[in-house]
Amino acid sequence: MDPGPFVRGVAVGLAIAAPVGAIGALTIRRTLTDGRLPGLVTGLGAATADFLYGAVAAFGITAVSSLLLRGRLVLQVAGGAALVWLGWRALRARPVVDAGAARPSLLSAYLTTFLLTLSNPTTVLSFAAVFAGLGLGTTTRGTAGAAAMAVGVFLGSALWWLALTSLVSVARRAATPARLVWVNRVSGLVVLGFGVIALATAL
């Protein structure tokens, strides 16, 4: 099988995941406050959603994309409200410094970013635009090529989150309770700000 679609899918996944937004802020915060594994799982939730949207774009499933775009207002309001809630929680959270203390479950960390990324249906348009710009819709034919691109998108996105959390975990060694308090405050404000913008745009 031609490796070209897979390689291009990896590049697309990296390009989509790399810009730091609300999901990036959440991932960085969880890596600093909870550890590398919770941070990585947080990023993988977004990578899974990227895979689904990448598959929609790669297979050209217009019915699904049309349905998502018709419901984009409801999804954007839900996503914006969730971001405001997460940002507020981060602002009020106390840093976890005890290794034996309870931390958020990995499933919760994964589902949070998975659902938040899915709540932005215009992401599928970003994939479609990137695919069209790279000529993927015309150079790749058949389900095998589309599947390879979708898998490549997931791996590219996952590689970005692996690299980011690995880098941030190094900085975590120098973290102190006082610094972690500021991590919660700054990241909370960033996430809350993205949520307010999402709600304002929708309403």
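Leu189 sits in helix 10, which covers residues 177-202. This is a predicted model, so please read every value here as computed from predicted coordinates. With a relative accessible area of 53%, Leu189 counts as exposed, because the cut-off for that class is over 50%. Along the chain, Leu189 and Leu86 are 103 residues apart, yet their C-alpha atoms are separated by 9.9 Å.

Gly188 also belongs to helix 10. Gly188 is buried, at 0% relative accessibility, whereas Leu189 is exposed. The C-alpha atoms of Gly188 and Val84 are separated by 8.7 Å, and these two residues are 104 apart along the chain.

## The overall fold

Stepping back to the whole protein chain, the secondary structure consists of 10 helices and 0 strands. Following the sequence gives the pattern α-α-α-α-α-α-α-α-α-α. The chain has 203 residues, and 43% of them are buried.

## The largest nonpolar core

In soluble globular proteins, nonpolar side chains tend to be buried together. Here, the largest nonpolar core holds 17 residues. Those that touch the most other members are Ile23, Leu26, Leu83, Leu86, Leu116, Trp161 and Val191. Two or more residues of this core come from each of helix 2 (22-34), helix 3 (36-59), helix 5 (72-92) and helix 9 (142-172). Helix 2 gives the largest share, with 5 residues.

## Helix 3 and what follows

Helix 3 has 24 residues, which should span 34 Å at 1.5 Å a residue. After helix 3 comes Gly60, which has a positive phi, near 65°.

Helix 6 runs through residues 106-118. Its 13 residues reach 18 Å from the first C-alpha to the last, close to the 18 Å expected at 1.5 Å a residue. The buried residues in helix 6 are Ala109, Thr112, Thr113, Phe114, Leu116 and Thr117.

How many aromatic pairs does a search of the whole structure find? The search finds 1. Tyr110 and Phe114 form this pair, which is stacked, with 6.1 Å centre to centre and 10° between the planes. Both residues lie in helix 6, 4 residues apart, or about one turn of the helix. An α-helix has 3.6 residues a turn, so residues three or four places apart point the same way.

Are the two partners buried or exposed? Tyr110 counts as partly exposed, because its relative accessibility is 25%. Phe114, in contrast, has a relative accessible area of 16% and is buried, because the cut-off for buried is under 20%.

## A nonpolar patch on the surface

Some nonpolar side chains gather on the outside too: Leu14, Leu159 and Leu162 form a surface patch. Together they have about 230 Å² of accessible area. Leu14 is part of helix 1, residues 4-17. Its relative accessible area is 33%, so Leu14 is partly exposed.

Conventions: Residues are numbered from 1 along each chain as its sequence is written. This is a predicted model: local features need pLDDT of at least 70, side-chain atom pairs count only at pLDDT 80 or more; totals for chains, interfaces and linings use all residues. Side-chain values use heavy atoms; hydrogens and water are left out. The expected span of a helix is 1.5 Å times one less than its number of residues. Buried means under 20% relative accessible area, exposed over 50%, partly exposed in between (1.4 Å probe, protein chains only). Rings of Phe, Tyr and Trp (its six-membered ring) pair if their centres lie within 6.5 Å; planes under 30 degrees apart count as stacked, over 60 as edge-to-face and the rest as tilted. Patches are made of residues with over 30% relative accessible area and no salt bridge: like charges are joined within 9 Å, nonpolar side chains (Val, Leu, Ile, Met, Phe, Trp, Tyr) within 5 Å. Accessible areas come from the Shrake-Rupley method with a 1.4 Å probe; for residues, only the protein chains shown count as cover. A salt bridge is a side-chain nitrogen of Lys or Arg within 4 Å of a carboxyl oxygen of Asp or Glu. A nonpolar core is a set of buried Ala, Val, Leu, Ile, Met, Phe, Trp, Tyr and Cys residues joined through side-chain atoms within 4.5 Å.
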